[in-house]
4 protein chains.
Amino acid sequence: MPSAPNLQEAVAEIAAEMRDRPDRGDVATYIPELAKIDPARFGLCVVDTTGAVAAAGDAEEPFSIQSISKVFTLTLALGMSGDRLWSRVGREPSGSAFNSIVQLEHERGVPRNPFINAGAIAVTDVILSGHQPREALGEILRFVRFVSDDESITIDKAVAASEQRTGFRNAALANYMKSFGVLQNPVDYTLGVYFHHCAIAMSCRQLAMAGRFLAHEGRSPTTGLSVVSPQRARRINAIMLTCGHYDGSGEFAYRVGLPGKSGVGGGILAIAPGKASIAVWSPGLDAAGNSHLGRIALEKLSRRMGWSIFG
Amino acid sequence: MPSAPNLQEAVAEIAAEMRDRPDRGDVATYIPELAKIDPARFGLCVVDTTGAVAAAGDAEEPFSIQSISKVFTLTLALGMSGDRLWSRVGREPSGSAFNSIVQLEHERGVPRNPFINAGAIAVTDVILSGHQPREALGEILRFVRFVSDDESITIDKAVAASEQRTGFRNAALANYMKSFGVLQNPVDYTLGVYFHHCAIAMSCRQLAMAGRFLAHEGRSPTTGLSVVSPQRARRINAIMLTCGHYDGSGEFAYRVGLPGKSGVGGGILAIAPGKASIAVWSPGLDAAGNSHLGRIALEKLSRRMGWSIFG
Amino acid sequence: MPSAPNLQEAVAEIAAEMRDRPDRGDVATYIPELAKIDPARFGLCVVDTTGAVAAAGDAEEPFSIQSISKVFTLTLALGMSGDRLWSRVGREPSGSAFNSIVQLEHERGVPRNPFINAGAIAVTDVILSGHQPREALGEILRFVRFVSDDESITIDKAVAASEQRTGFRNAALANYMKSFGVLQNPVDYTLGVYFHHCAIAMSCRQLAMAGRFLAHEGRSPTTGLSVVSPQRARRINAIMLTCGHYDGSGEFAYRVGLPGKSGVGGGILAIAPGKASIAVWSPGLDAAGNSHLGRIALEKLSRRMGWSIFG
Amino acid sequence: MPSAPNLQEAVAEIAAEMRDRPDRGDVATYIPELAKIDPARFGLCVVDTTGAVAAAGDAEEPFSIQSISKVFTLTLALGMSGDRLWSRVGREPSGSAFNSIVQLEHERGVPRNPFINAGAIAVTDVILSGHQPREALGEILRFVRFVSDDESITIDKAVAASEQRTGFRNAALANYMKSFGVLQNPVDYTLGVYFHHCAIAMSCRQLAMAGRFLAHEGRSPTTGLSVVSPQRARRINAIMLTCGHYDGSGEFAYRVGLPGKSGVGGGILAIAPGKASIAVWSPGLDAAGNSHLGRIALEKLSRRMGWSIFG
């Protein structure tokens, strides 16, 4: 394992290099709250398994984690329903865009994996089961606070409200799954919880802290308590690797070589198993909807630290 | 790293367990040469990076490696044309069956990755470039013999001839790509080489030997010579992980946690980076076209040895 | 043109033959109100351009016209917005099921024609434009009463309420189009009007009366007043011919040779231009969702009367 | 029925108008033989059921009929195998481009209708059955000469050879169907006959003569002999209406209101049942691959003569 000083140096140098790059991708514009984010922001934070933290840039500034929340809802739903979850969602890469509905028609309403929008809505429906939306959302937030060991994490209600007003494509996905019986709660309930957990705001530091259990065989390195079994941690990492970047998942595996999950807010959570939990934030996105500089920074970090899981 | 005795024990026990299982999947029947293989056969061979070999069952019996050859042709083509290869084939999971043509229409004839049939045909076309089929095939065979350090490996001509007679779906894929200019050689030439390299016959031992460079940062552990750069070895492993089992790639990553490539002959080559190269053979296939018991054996081995790349 | 007595005879004989056939298709079951309809019901009514009426069987019994209402909403929307309508909906056969969403993704939310569900929802949205749902619905109902010259026609509110409760697939289509800006009103408004106009209940006699303007160059034969121009009547007939039976439109044209529109309530409105307006009702559906015996009855009638538009 | 003088006047005026229009579409460029055709050419010929001929422009100049040949091969194949033909090809509009392969994958290799490329290849395979390509081709040519009452019609061998050299997309379709058992002859045989019958060269006059049996209840108006039964003539017309212009079939029905079949050579054969057989030629194509001015000329002619089948 690399020594902490090297890591701190790598993080600082990569952040500095990213700050100056002119190619920054395009900030998501579908809701005003995301569109107004300054594309110049860049944050990077790494927590190794000893708990040492290396951070640079805007690593303390909260941003909308968006689809990164799907890692936490998947973990929570597996905790609640175990392998029964897999009757409602698959675990294969989708081969299409994050919000595609074509696959649902060809596979009778069962989404391909928990990290495309449809799959994450189905996972949210599992969490919701038998509860009021407020309770389900509380449970998700409590879980995120627990794994990140930070009670200050909140939901950005303006973002959630804006998504709810404009999220017609997600409403299409939800209604479509409902028509096949894949959702069991009222569509509005499930969508409400979904839009709100996507609107959780976290900083790179908070996010890197929250990912530690995945880098650490399922245990909280702080308390030593088990969040999930080692096998489940491995399996969540596997799904992040194959499905975590929509139709750019192959590219991320090829270039970065780490399990990761991106969000349209420009964040990426990446896991170097046994070594570190990493969060990066750069609001500009590439064509596949993943953070452009975020991916490049992780590629540089992974190579420099020798963290690729592929050898 | 596990000690060699433990590995030998694990290999023997898993092979014994597999030999007795009643669920064996269905042997591929599309050509007589594959259909007549006894579904009771089972072989397993592991070569660790020290060169120690653990083998059990029918590990010395040659079988048709079929799509596993795509790992070797990809490696060879990258050596010949470098990153220019990626203008002719993508590196994203396909989200559809191994022989699907739908994706080609939606993406103007460029196959999604080098491990689905269309992609492997495009890779073969790159290798063929400017040569006669016989020469290209010779080059492929020489490369396979070189990485496996075994001059006795040959092509099963009956299998190749049979595929050539019946491979209409592959002919459709090739002609379709040709219509978009993705293939540059005569379709018959490219298909001829493709059918022949899929008909290479290897034993588990030969295959495990051939995979060592991928487990060993691109170098031959025997000679220490570089086959590919460490980065390229990692990247080939990454593509194997995300795309190596067709529409069962997510499942293989989830259960086994190793880069791997399957063939309809029932073989799988799996790589535990820095640890071992593994070959398994069981002719019965699952619904996605991958060896049923082969995958189960690898899942058991990976768990027992703690080899998952996901933590 | 055949004389009226022959027509009456043909209608009576065909209805008698249909009443006895054992093959009746399957009644739509997705809402209880449709599922409980007796599959033995059969009605047939023909109004020729002189106003002579030939009826047999349950021709006076109202049934849920369902998608046949799309003929009337298309006519109304064309009257309101003219050719601007065609920026929101195409006029090509869909090549897929009545409720497919795949095509919408491939064509940026613009439905292929006004007679598949998505297209009819878009047409409803055009009618709704700037009005309250109640007003729009009133306008549709007034139009249907006007063309059928029958003030007694009403909406079956139990059917409408049931569809609204269970219409998730239509909600998916509507939200999907909304996400592309193809719908301009609140999704709930548009869907509400859509579900209600599909729930209009009419008898074969009322429906045949309502279709006269399409058989009569756009004019009401009763009053001589123009409903639409002759060209528009021809064009609506053309769309009925190519798109009126979902993915069974080619079959209907091939066998019956008349423009027609079916509904899952088991009704079909068919037009013999210059000759007659025809309504048939048999609740059992074929695999494409069209009335099984309805189509057969029309095939027999068309052949016997020499009404095919194809020679 | 309009009097002959009026028809002659209409034909002359429409041809004159078309000659001067600047919007002419784009000439097909995929083979040199088509690309070099002068886009200024325009021919129009109408034969009414009395045998009277009205012609204007380049009506005597032979052009490559391309897909219009599919009308004759369908007729011939139905004569040879009757309704058994329909186990190998459907009769529904395709909802996609003329050379799409996507539908074949979704429907197990059975093409949607005899007028898209895949369907016409399947029909050619039926004609070929048990014969040498040369014989099958001779039979097709004899049939075309018979229905057009013109022994001078020939195949343009340069066009056929060029298509054979470059027809990779059609080779993909053929191999794909072969893989599902939909084709029964060697792929090369079937494709050879297909490319050659598409290369038949006819003038507008010859083509209009050849279509007379479809306008005349299946009989040759010259000899009174039956070519097909009245019902079969109607049914072929129905398929032309719903499927004759690829993904522009709805548009053609909407605007022209006549059964018709287009070819990428710029020709269209249209049938006014009971009234006339019409051929038009203008080499420039629209986005759907149909003659741009050909369609406009037919729309004008149909409206002026009151020939729409829709009222």
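1. In this predicted model, the interface of chain D and chain C holds 14 residue pairs in polar contact, with both partners at pLDDT 80 or more. On the chain D side, the helices α12 (230–243), α13 (249–255) and α14 (292–305) each supply at least two of the residues that touch chain C, and α12(D) gives the most, with eight residues. Sorted by class, that side of chain D has 11 nonpolar, 10 polar and 11 charged residues.

2. The contact between these two chains takes 32 residues from chain D and 32 residues from chain C, and together they bury about 2900 Å², of which 53% lies on carbon and sulfur atoms. Six salt bridges are counted between chain D and chain C; a salt bridge joins the side chains of E251(D) and R91(C), at 2.8 Å from N to O.

3. Within chain A, the domain assignment gives domain 1 (4–63 + 202–305) and domain 2 (67–200), and the centres of these domains, taken over C-alpha atoms, are separated by 21 Å. Contact between them involves 31 residues of domain 1 and 37 residues of domain 2.

4. The two domains of chain A bury about 2700 Å² between them, 72% of it on carbon and sulfur atoms. Across this interface there are zero salt bridges, although seven residue pairs are in polar contact, both at pLDDT 80 or more. Among the elements that each supply at least two residues to the side of domain 1 touching domain 2 are α10 (204–210), β7 (260–262) and β8 (267–272) of chain A, while the largest share, six residues, comes from α12(A). By class, this side of domain 1 divides into 19 nonpolar, seven polar and five charged residues.

Definitions and conventions
Residues numbered from 1 in each chain as written. Chains lettered and ligands numbered in written order. Predicted model: local features only at pLDDT ≥ 70, side-chain atom pairs only at ≥ 80, totals over all residues. Heavy atoms only, no water. Contact = heavy atoms within 4.5 Å. Buried area = accessible area lost by both parts, 1.4 Å probe. Salt bridge = Lys/Arg side-chain N within 4 Å of Asp/Glu carboxyl O. Polar contact = N/O pair within 3.5 Å; in protein donor to acceptor, adjacent residues only side chain to side chain. Helix = DSSP H or I, 4+ residues; strand = E, 2+ residues; numbered from the N terminus. Nonpolar A, V, L, I, M, F, W, Y, C, P; charged D, E, K, R; others polar. Domains from an automatic or database assignment.
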